[in-house]
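Trainee: I should like to learn how to read a structure of this kind. May we go through it feature by feature?

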Amino acid sequence: MELPYIVEPRKDTGLFNSKLAIWLFLASEVMLFGGLFSGYVFLRIYADFPWPERAIPVLPGLINTVMLILSSVTVVFAWSELKLRNYRKFQVYMGFTLFFAAAFLGFKYVEYTTKFSHQAVKMSDNVVVEGHVDYAALDHGKLVYGKDAKKLHKEGAEKIKAKKIEYKVEEVTFPLRFRMESRKKIINKILKQAKAQDAKLVDESGTEITIDYLKEARKALYDAKKKNAIARRDGLRDAWKVAKAEDAQRIEDGKQAEKSKGWQLAPQVKIDESVLDLANETASITAKFTKPVYLHFGRNDIRESEEFGILRDGTVVKGKQQKSYMDMHIDAVDFQYLAFDAKQKGSDPFEAIEKSWLLSGDHKYAKHFKEYWDKHLEVVLHHNHGLQDRFKVEQNVTTTYKGEKLYLPLREIFRINWQSLIAYDEHYGHEDHGYNKDYSTFNEVEKSRKKNVETFIREYFQAPKRVFPHLKIPSKEVHFESSLTPKWNNFYAIYFTITGLHGLHIIGGMVVLWWFGFNSRKIYDKDPEWLANRVEVGGLFWHFVDLVWIFVFPIFYLM
Amino acid sequence: MADGHHKQGFVSKYIFSTDHKVIGVQYGITAMLFLLFGFFLMIGMRWSIAFPHEPLPAWFTWILPDGWEARWLQDGKVTGETYNMFGAMHGTIMVFLGVVPLGFGAFGNYVTPLQIGAADMAFPKLNMASYWLYLVGGLVMCFGFFEWFSDTGTAKSGWTNYPPLANIADMQAPDQWRTGQTQWLLGLVVLITSSLLGSVNVITTIVNLRAKGLTWFRLPFLVWAMLVVAFILLLAFPPLEVAGIMQVMDRLTGSSFFTPTGLYTSQVGLMDSAGSGSPLLFQHLFWFLGHPEVYVLLLPAIACVTEIIPTFTRKPLWGYRSMVYGVIVLGFLSFIVWAHHMYLTGMGPVISTFFQTTTVLISIPSVILITSLLISLWGGSIHFRMPMLWACAFLPMFGIGGLTGLPLAFNLADLHLHDTYYVIGHFHYVVAPGILFGLFAGIYYWYPKITGKYMSDLLGHLHFWPSLIAINVLFFPMLIQGMAGFHRRWYNGGDAYLDKVAGGETENVFAATVYQFIDLNILMSWAAFILALCQIPFIINVFGAWFFGKKVESDNPWNATTLEWNTETPLFAKHGNFDEEPKVYRGPYEYSRPDHDKDYLPQWEAPQSKPSND
């Protein structure tokens with residue numbers, strides 16, 4: 001017996017096998033993406049941070065939407081050409097489908113990489129700045145920033161992302177719990193930096209610490225542990241035997257009515273410790289540098305303290321924490337988090353902004369950002385008056401500024417985005433603060449903001465080259481930092497998860513469609529209807545992937 | 001597929017086989033090995049519960065490598081962390097890698113296509129992929145037992161893997177890929193993919209490959225059950241896959257889907273994460289699968305019993321149609337009861353009431369199934385062969401399991417019973433003496449078809465009777481302890497409370513209660529050890545009977561009526577199953593028809609005279 005209904009549909013169900021299967025598979029896919037979108041709803045409803053809106057540029061998303069729809073159309077054309085037995089045309093349409101899919105992925109790649117290279121920092125007072133991290137350089141092992149770093153870079157120094165924490169380390173303690181294989185990266189980083197500073201890490205007897213040294217130390221530890229574990233276990237078993245025998249004896253002697261319970265005997269049971277090899281059971285190796293060494297670590301790799309730091313694998317570096325910075329060019333300042341927090345505390349967000357480290361801290365950039373904020377506030381108030389004067393808006397007060405009701409969305413009030421920063425620079429100038437408050441200047445600003453949005457693609461390549469304001473944040477002011485990856489907040493987390501899975505579906509679909517279009521001639525020659533069935537099924541999947549995007553686009557790009 | 005009858009090599013015939021029967025047997029053997037391993041972990045746990053101060057006995061530790069003992073045991077005793085590892089992996093293995101693959105994987109694969117008269121599954125290659133993905137996923141989940149794969153042992157946050165506990169567990173490890181907790185999630189995602197492929201395959205096969213004349217209401221009940229199970233797997237598993245993917249993201253990319261704001265732990269300090277995540281979201285996604293999963297476990301077992309009871313009572317199944325409708329309703333309802341696992345999360349009384357209502361509703365179809373089976377026994381001429389013994393034991397055992405669930409369904413009663421040994425007792429009654437007994441019945445029943453040999457009755461009895469007694473001694477005291485308030489996750493069985501008791505007199509009421517019931521631990525643990533011994537005759541039986549068993553006399557040794565008995569025996573790797581296309585003339589359980597000489601009338605037997613007018 002052979003399997004039926006591969007090509008012909010079964011009469012009573014009206015389906016051939018794979019068509020039924022793909023609908024079932026799509027049902028499970030609906031549940032998969034349904035689960036993810038419910039997750040999105042849940043996360044957004046319960047978010048305790050200002051949920052980013054319009055954080056992803058709309059235009060490329062729109063282009064992608066159009067392209068996916070087109071590819072869904074061409075895949076149907078391909079199928080119908082196959083039904084008409086035009087193999088060449090079928091291949092051409094399949095080619096178009098694959099082209100659109102590839103272009104979609106291309107745009108996606110650009111979107112992803114812009115986000116990944118974009119840094120965000122939440123400071124201790126909840127002010128958030130976004131931008132691009134500068135590079136630091138090493139001067140005799142010590143981190144230097146800004147102009148000094150640039151000079152060293154020109155001389156060929158290594159570029160280091162300026163978001164490290166620096167220690168002047170004298171002593172390192174390596175615990176031996178984890179295998180060296182998974183710690184190589186961390187330990188090698190320390191050893192490499194020491195070597196560059198002509199220092200060595202040595203143990204008490206003066207032997208140099210290497211990975212192999214640690215491996216051997218760990219092996220010795222675990223050999224001793226093994227031996228001791230067996231000795232302890234056997235010792236305890238014997239001790240229990242003795243204790244139970246004694247207990248039985250006591251009953252026999254009439255000193256005791258019934259058998260003791262385990263927990264009653266337990267305190268009497270002792271292991272004979274003398275047989276153990278405790279000397280080798282040292283759980284860590286402590287080593288000293290021949291001279292103090294500057295070591296820098298990623299913020300996420302170390303738990304900080306003034307006098308020491310603990311690395312991810314438990315390694316402890318002892319020494320003074322140095323003053324280190326996050327050196328950035330800022331392309332957005334976001335007070336929404338601060339406003340969110342102030343609202344919960346019932347305090348005035350504008351006062352808190354004035355008092356924040358960014359605007360009034362003891363650093364040379366404070367004045368600069370204060371100016372930006374003042375300009376922004378002017379624009380906001382101007383806008384607000386416009387709303388009141390022209391449209392007589394009286395509802396939906398979002399917040400109040402010095403007793404004045406504001407109607408703009410909080411995002412417009414508390415976030416200065418890169419378009420605004422550029423606009424303020426262009427029209428007010430860095431130096432000249434006495435700008436004209438009349439409508440014409442205001443409209444200029446608005447026009448420039450709009451123009452920037454409309455020409456996203458040009459700006460994508462230009463924006464990084466613009467000189468954005470510079471900011472050096474001492475690492476103790478940094479509360480939480482991340483590039484715009486899933487880590488930064490749950491908006492990006494769910495965005496990357498859903499679009500990432502969708503992207504995987506696109507890639508999977510491309511492989512299948514390519515196979516049907518360009519590697520299935522044999523099946524076509526054998527039975528063209530069979531191939532048509534396959535393409536139909538593949539096309540159904542492709543439509544589904546398109547449909548998912550139809551949900552993704554408004555939810556992540558527009559809402 | 002359309003490949004010819006060419007000769008196959010050993011590897012493609014028995015290992016990377018696309019034949020549903022071989023795959024079914026592969027599923028069965030793998031699942032039983034996993035069950036054995038899960039059982040082994042449980043023995044370690046039970047030792048720790050009953051004898052927390054004594055080192056594990058030599059008959060347990062001989063299998064452990066020394067390094068393992070040095071890393072995970074303390075003076076040969078089970079530590080809390082190790083107990084958690086065992087507990088999490090016991091649950092995972094038993095549910096995901098043991099019972100589901102045995103019920104749905106093995107019986108679903110071997111029996112279903114035969115009962116509908118199909119040559120194979122609709123997609124044989126996909127079927128093979130399902131099995132291998134299952135094996136890979138299962139092994140990945142167990143990687144943590146080997147130091148070479150994992151720095152931190154296996155997953156240790158319970159089989160439910162609740163965050164934020166599961167999110168922060170092993171967070172101190174330098175390489176997140178090399179932690180049992182992450183590997184558990186990755187294994188889970190692979191495993192779910194396997195189930196999805198399998199369920200698509202089973203549904204397509206049942207809908208499209210039924211033999212001529214096999215209309216929907218002529219399908220054996222097992223096929224209906226498998227259809228419902230496949231739909232549950234198809235639709236309920238993806239949300240868990242979502243939860244798995246999100247948790248992997250949390251662990252590997254530092255997102256905070258399930259990490260609340262300001263989470264602080266002694267191991268890592270203040271979590272370096274954005275926060276704002278929702279641990280409750282995970283619970284919803286988990287139990288959206290988790291509860292339907294119970295029926296994925298149950299239905300194959302009940303299906304096996306349903307096939308066996310008519311055969312050994314020589315009497316049609318009572319209420320076939322109501323059972324079919326019952327199982328469909330059960331499948332639907334199973335999707336809207338999940339939050340009864342979450343009464344204590346503070347969802348609010350409205351939602352609790354809704355889920356309480358649906359939970360009580362779902363007992364109706366369950367009772368229909370069990371009652372129909374019970375009434376089917378009435379007035380039958382019962383042959384107590386091995387499969388029938390197991391099937392008969394299934395009914396009361398599953399009954400206890402079901403009835404003890406009622407107090408848990410009501411959220412008021414659940415306030416007291418939540419997370420106690422009562423819950424453990426309840427679901428173990430459902431799964432072990434209930435479902436596993438049903439599946440054992442299935443193994444004894446179809447074994448002659450697979451191998452052409454009967455399993456030994458003597459060994460069967462040695463397996464059955466002690467198991468039945470031991471398993472009740474093991475699980476019934478759990479209900480008592482649970483009502484007394486014993487918490488389900490005590491690694492030392494409540495021993496820590498005894499310090500407060502001086503000679504049984506104490507003002508600490510709870511300590512006094514623990515003092516009163518703690519000795520049951522020893523009884524239960526001995527029952528567990530004996531239960532392990534009782535499985536030895538079965539293991540000997542399964543492998544021994546293959547070589548030394550009594551040969552079957554005909555292709556239909558039990559004189560049953562469904563299509564799988566219309567094939568040659570032994571039926572293992574035969575391509576295409578049936579020599580000629582089978583035709584079906586009647587329903588599946590035509591036993592003892594008054595108008596027929598023999599006491600059974602198979603589905604495939606052509607009517608001799610012209611059909612009567614009924």
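Trainee: How many residues does the contact take from chain A and from chain B?

Mentor: Please bear in mind that this is a predicted model. The contact takes 59 residues from chain A and 60 residues from chain B. On the side of chain A that touches chain B, α1 (17-45), α6 (211-252), α7 (262-265) and α16 (490-518) of chain A each supply at least two residues. Of these helices, α1(A) gives the most, with 14 residues.

Trainee: What radius of gyration would a compact globule of 614 residues have, and what does chain B have?

Mentor: A compact globule with 614 residues would have a radius of gyration near 25 Å; chain B has 25 Å, so the two agree. The C-alpha trace of chain B spans about 80 × 55 × 55 Å along its principal axes. Chain B contains 19 helices and 4 strands, and 58% of its 614 residues count as buried.

Trainee: What should helix α12 of chain B span at 1.5 Å a residue?

Mentor: Helix α12 (residues 349-377) of chain B has 29 residues and should therefore span 42 Å; its end C-alpha atoms are 42 Å apart, which agrees.

Trainee: Which residues in α12(B) are buried, and what covers them?

Mentor: Among them are F355(B), I362(B), L369(B) and L373(B), together with S352(B) and Q356(B). The cover includes α10 (279-313), α11 (320-333), α13 (386-403), α14 (406-409) and α15 (411-417) of chain B. After α12(B) comes G379(B), whose phi is positive, near 75°.

Terms used:
Residues numbered from 1 in each chain as written. Chains lettered and ligands numbered in written order. Predicted model: local features only at pLDDT ≥ 70, side-chain atom pairs only at ≥ 80, totals over all residues. Contact = placed C-beta atoms within 7 Å. Rg over C-alpha atoms; globule rule 2.2 N^0.38 Å. Buried ≥ 20, exposed ≤ 12 C-beta atoms within 10 Å, placed from the backbone. Expected span 1.5 Å × (residues − 1).
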